[in-house]
Amino acid sequence: MEYFSPKKPEEAEKIKNRQGKKNVYLAGGTILNWKSCPSADTLIDLKNLGLDRISVSGGRINIGATVTVQEIADYPGTPGPLARAARTFTGRNIRGSATIGGTVAGGFFVSNLLPVLIAYGAELEICLNGRRKKTGLREWLDKRKGLVCAVTIKPGSRNVFVECEKISAIDFPLIVTAAGFGLKNGKISDPVIAVSGAAARIAVIRVSGAIEGRKPGEIDREFLNESVQKDLRVTDNVKASADIKRRIIKEHICRIMDEASCL
Amino acid sequence: MLIRFRLNGKNISIDRPVGRKVLPILKELGINSVRKGCDEEGKCGNCSILLDGVLTNSCMLLAPQIDGKEILTVEGLSDGGKLHPIQKAFIEAGVVQCGYCTPAQILAAKALLDRKKDPPKEDIADAFSGILCRCTGYKQFYNVFEILKHGKKGSDFTREYRKGYRIVGKETPKIDAEQLVRAEDSFVEDLIPENVLHVHVLRSPHPHAEIVSIDTERAEKLPGVEYILTHKNSPKTYYTQAGQSYPEPSPYDRRVINRKMRFIGDRVAAVAADSPETALKAASMIKVTYRLLKPVFSIDEARAKGAPVIHKRDTSIDPLDIGGDPSKNLVCSNKGGIGDVGKGFDDADIVIERTYSTGHIQHTPMEPHTCYSYMHNGRLVIRTSVQTPFHVRRIVASILGLPESKVRVVKEKVGGGFGAKQDAGIEDLAATLTYRTGKPVYIRLTRKEEFLFTRTRRPLRIKVKMGATKAGKITAISINIAADAGAYGPHCLTVPMNGCSKTLPMFKCDNMAYEVSSYYTNNIVPGAYQGYGVPQANFAIHMTMAEIAGKLGIDLIEFIEKNIVKTGYRLEILKQLGEGKEGLAQKISSCGLGECIEKGRKRYRGWKTGKSRTKANVVTGKGMAIMMQGSGIPGIDAANATIKMLGDGTFMLFVGGADLGTGEDTVAAKIAAEELQIDMKSIAVTAADTDTTPFDKGSYASSGTFFTGSAAYRAASEMKRLIISAAAAVLDVGPGTLSLRYPGAVYASKSRHISFKDLAIATQSGTGCGQLIASGAFTTDKSPIPYGAHFAQVAVNTLTGKVDVLKYYAIQDCGVPINPNLAKGQVYGAVMKTIGHTFYEVLKFDGKGNCLNPNFTNYPIPGICDLPEEFDVDLIEVSDPITPYVGKSISEIACNGASAAIGIAINDAAGIWLDSWPFTPDKIISALKEKR
C-alpha cells in the first residue's frame, strides 16, 4: 500500500483520482479502519491539509473536515443542537477520532450529526477537479463527488432542534430526528426535517405545506407527523421494527415542536 | 513505512506496513495493556491509548496515524515500583475485578483529570462512555474520583462488617490488583512466544449435515501449514466439554471433531499453521462435500413425531442417568415434588398458569477465550483462561488417553468468565493439536466466535402454575421448564433443574412440583451463565406471583412476606432437586430475606408512580423481586488448600480455586490471615495450577467464597494447630497454654512467646521438626443460602415502547461480606448485565440457523451512561453457624432480580404483562395494543 500525506486538498484529490488503483482517504479512520485493515492500493492521509480548525466569521461557523466530533462537542461556539448531537455520538473513544469530514463523506446512515447539519442548511467546501467550490450538504450527499474540506453553518439564520433515541448509550442511534427552519415575523420559513436511522439513507423531508408560514406554537403535531411519515421510507432492522422507528420519529416531532413553541 | 513516535516517554522508530493497525504494533512492542475485546469495531474501548492526550481506540488506527505523536499507556504511568495515584485509586475503590478493561479505564480517568481537576458526574460518565466493562457495573468508578479529589478511602463507600475481625469484612486491596493496574503479564495473551502455531477452525455452513468427503491435500501442502485435524484423524473419545464434577450430569455426545455437523459453526477442520493468515488460507482450500439433513430449530420441532434425530444413543452417552432419550431428541428429563399439587390447586381460591420464554444471551466477557498449549518434558501444558482447570485436565487427559499426571493446566488471569469459561471449549482442540504436533499452539477466539461458538444463556420455556387463597397463602406451585440444549448437551439438566432448585425453596408451600426437559436442536450451544437458569425461572415465578397478588388485591410485598421461608425452615424440596442424583434436604441455617425486603421497602415506598408531569406518553411504575442462590453444590463439589510457613514466618497459600477476577484469591488469603493473626502482606497466594495447587472443582455454582474460602480456613486452622504444637516444643510449655496473637506470634504469657519468624527458623533448621505445611479439605452436605431483594422503578413510554430504569436498589444477604466493595461491585455488575438481558441483549437468528447480530454493533451491552439515575447496593450482615467466616455467595444471585422487578414495574406503570425476554419496544407496543 502506498502512503501519501499531501499538504493541499488539490494534491490529495489528484492522488485520489489516479486511474486503475483503489485510492482511499484517511482522516480519523473510524469508518475506514472499522473491523479490518483497509484494502486499498493507496492511502491518502489528510492530516497535513490544515483542515483541523474551527473558525467563526460573519455569523458563520466553519468546521474543517478533519475536526473531530469531540472537538465539535467541546468547542464553546458550537450551537447547542450540534453540540448535543456530537456529545451523544457513541462513546468518547470514537468521538476523539471520528471527523466531521468522515461523517459527511461516509454518509453514515445512523449519524447523529448529519441530520443536524442538514437542518442548519450546511454548506460544504469541497475540492473537485482541482478547484475549490461550495455546495449544499444535501446536494452533495446525492452525488458525493470531491474531497470535503470544510462544513459551514450559519446558526443565527435557522432554528434547529434535535432528538436522538438509542438502544443503549454506547450504541449507534436508532433514530435521530432534526428539524430546522427560519423565522420571518415569528412565522416558519423553509422548514426541513432530516431523519437518520429510518432506512439505509438519511431522509430529508421538506414539510413546507404542513408548517410553513405558521407560528411554531400553532403547528398541529399530528398533521406534521403524518406529513413527515408519508414521505419517509422506514425499514426494519435487527434492533427495531419499522413501526417502532415511526413511533420514535413521531415522538421526536412532538418534542421538537414543544421546544420550538417556546421560541 | 518508517514511523517515529514517543511511547511512554521513549522515542520509538520502527518500520511497519502502512496498513498495519496500531494495536498489534503496540503488542509487538511489549505493551500488554491494549486489550482487544471486540472485532475492531471500536465498541469495547479496551484497547485505548492516550494519543497526544486523547483517549483513542488503537484498533482503529493505522501506523501512519501515530507518526510524530505521543502515546501513553498504563505501562508508562507508574514510576518504577511506585503506582500512579489513579492506579492506586482504582485499587482503593475496589473497581479492579478481572482487570482486562482496567488499563483503558485508568487512561480514561487520566485524560479526564488532565482536562478538569474536579470533574462533575456527567463528565465522569462521558469519560468512560467508550469503554465496556462486564464485571463492575461502572457505579463505583465515581468513587475513584472521590478518592483522588477528596482524599476518601475505600472504607468510606461501605460499612465494615464483623466487629472484632481485623481483615475479614474490612476493606483490603485485592491481592492481584497491582499487577492488573500495571498491565503486567497476566492474561494468556501476554504469554505467547513468537513460534506458536495459530489455529483456524473451518466451520460448518450447514445446521445439520453429514460430511461425505473432506479433502485436505491442497491445504496441507501450503507452506507454513503444520497439521490439519478433521473427523478422520480426530481422537475417537466421546466426552462432554462441560466443566462439572465427575461423573457429569451432561451427556458424552461429542468428539473433538465429529463427522456429523449439528449447528452452523460446528467444527469441520482445524488448521494449525505458522500464522493466522496461513491457517485461514489453508482452511479455505479444504474441500468438503456434505449430505444435508433436515434441521430442527425449536423445542417443538425437536419433540415432534418423526423429527430428524440429531444424536443417536451410541453418540450421546450419559455418565449418569439423566432421563434422556436421544431417539426423541430428548437430552434429559426429571420431575418430582412434594405434597400434592392437585389438592393444592383445589384448595386455592385463585389459580393462574402462564408460560414465559427467554432466548440466547451471550456472556460477552471482555477477554475472549484464549488458550496456549505446549509440550514440556513429555508433558502437555495448557495455560488457559478457564474457570475449571482441574476438570479441564481430566477432560483433556481422557480425550488423549493420557494419565492426568501427564497433563498440567494453569489458569491464568481470566478476563471475565460468568460461566462462559466453565467448559473445556477450546482447550480440547488446542491440547489435541499440541499433542499431535509436539508444538506450541495458541487459540484466541474472535468476538464473533465468542458470540456463536462458546456458550450462551439457555433459552427456556417456563410454564408456571400457582394457586393461592384469598388470604394470600400460596397453596401450590408447579413449574415446567423445557430447555433448548442446542447441538450438544453441556449443562442440559442442571440449568433447568437449578431454575427449580433456586426458586421453589424460597416459599413455604407444602405442595410443589417440577418437571424439566432439554431437547437437542440444531441451534448454537448454550451452557452455564451466571445465575444458571435462575434469572429466567425467577422471572417466571415472580410475574405469576405478581399477577396473583394483583388479582387478589394484595400488595406484592405483603404477599411475598406471607409465603417466604425463614431461618430454621427445612427445605424438603431440595432432596428431590439434585444434580443428576438425589439432592440433600437442608434446614436453612440463616436467612436474611426478611431483612432485605424490609430495608428495600423503606426506600421503595417513597418512589412515585403514575403519569409523568413533564413527559407526554410516559408513565412510571415500580416492582420488586426476591431471590436466592446456592453457595456451591453440597454433596458433589470439593475444594482443597495447602498453606506453608516460609523461612521468615510469612505464608504461601495454595488453592485450587479459579479466581475469575471476583476476588476469590483475596477471600482465601483474608480468611487465612484472619485465622493466623497476620497482615495481608504476610501471605501470598498461588492458585489454580494443577501441578502446584491441590484439587478444587473450579469456580462455578457460586462456590468460590464458600468452598475455596472454607478450604483455606481449614488449612489455616490446621496450620494454627501445627504452629501451636511446634511453639509448645520450642517454648517448652503445654500447647493448651498457647494462643496466636497479631501480628504473627505465639504467646504463652507476656514474657514467654515466640514470633512466627523465630518459629520458622526453629522448625526449618537442621534440628527442627521441618517446614510447617498444613492442608485443608472441604466437602459438605450443606451450604449457606444467600438471599436478596431487588427494587426497580421504571418509566414506560407508551408511544415508543421504550423503557428506562430510573431507580434500582439491590439488597443482598451474602452472610459476612468478606471484601465489601468488591462484593458490591459484583452486584452492580450482575444487575447491569441483566438490565441488558431484560431490554435488548439477545442473539437473533434468520430461521435457518444463521445469527444476525454476533457483534457489539448489533448486540449492544450496557455502558456507564446506561446506569439508572439512582442505583444502590447494600449488603446486610447475616451470621450463619456453618463456618466462622461465613461468606455466602454473592455474584450469581444478583442476576436473578432485574427482569422480574422490571417486568412487574412495567405492569405497574402500563398494565401489561410481558412474558418473554427481552422487553423490546415492539413487544411492549404489542402488549399495549392487546390490552386496549
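Begin in this predicted model by selecting the hairpin of strand 3 and strand 4 of chain B, where two residues lie between the strands and B:Asp52 adopts a positive phi near 50°.

Next, display the two strands themselves. Strand 3 of chain B (residues 48-51) and strand 4 of chain B (residues 54-57) are paired in the antiparallel sense, with four bridges. Across this pairing, B:Leu51 faces B:Val54 of strand 4 of chain B.

Now show the side chains of strand 3 of chain B. Are they buried or exposed? All are buried: B:Ser48 and B:Leu50 point one way, while B:Ile49 and B:Leu51 point the other way.

Then widen the view and colour chain B by domain. Domain 1 covers 1-182, and domain 3 covers 460-633 + 783-931. The C-alpha centres of these two domains of chain B are 33 Å apart. Where they meet, 37 residues of domain 1 of chain B contact 35 residues of domain 3 of chain B. About 2,900 Å² is buried between the two domains, and carbon and sulfur atoms contribute 56% of this area. Select B:Arg134, B:Tyr161 and B:Arg162: more than any other three residues, they contribute to the area that domain 1 of chain B buries against domain 3 of chain B, supplying 25%.

Finally, turn to the charged groups. How many salt bridges are there between domain 1 and domain 3 of chain B? There are four. Select B:Arg162 and B:Glu877, which form a salt bridge whose closest N and O atoms are 3.4 Å apart.

Conventions. Residues numbered from 1 in each chain as written. Chains lettered and ligands numbered in written order. Predicted model: local features only at pLDDT ≥ 70, side-chain atom pairs only at ≥ 80, totals over all residues. Heavy atoms only, no water. Buried < 20%, exposed > 50% of the residue type's maximum accessible area, 1.4 Å probe, protein only. Pairing = 2+ DSSP bridges. Domains from an automatic or database assignment. Contact = heavy atoms within 4.5 Å. Buried area = accessible area lost by both parts, 1.4 Å probe. Salt bridge = Lys/Arg side-chain N within 4 Å of Asp/Glu carboxyl O.
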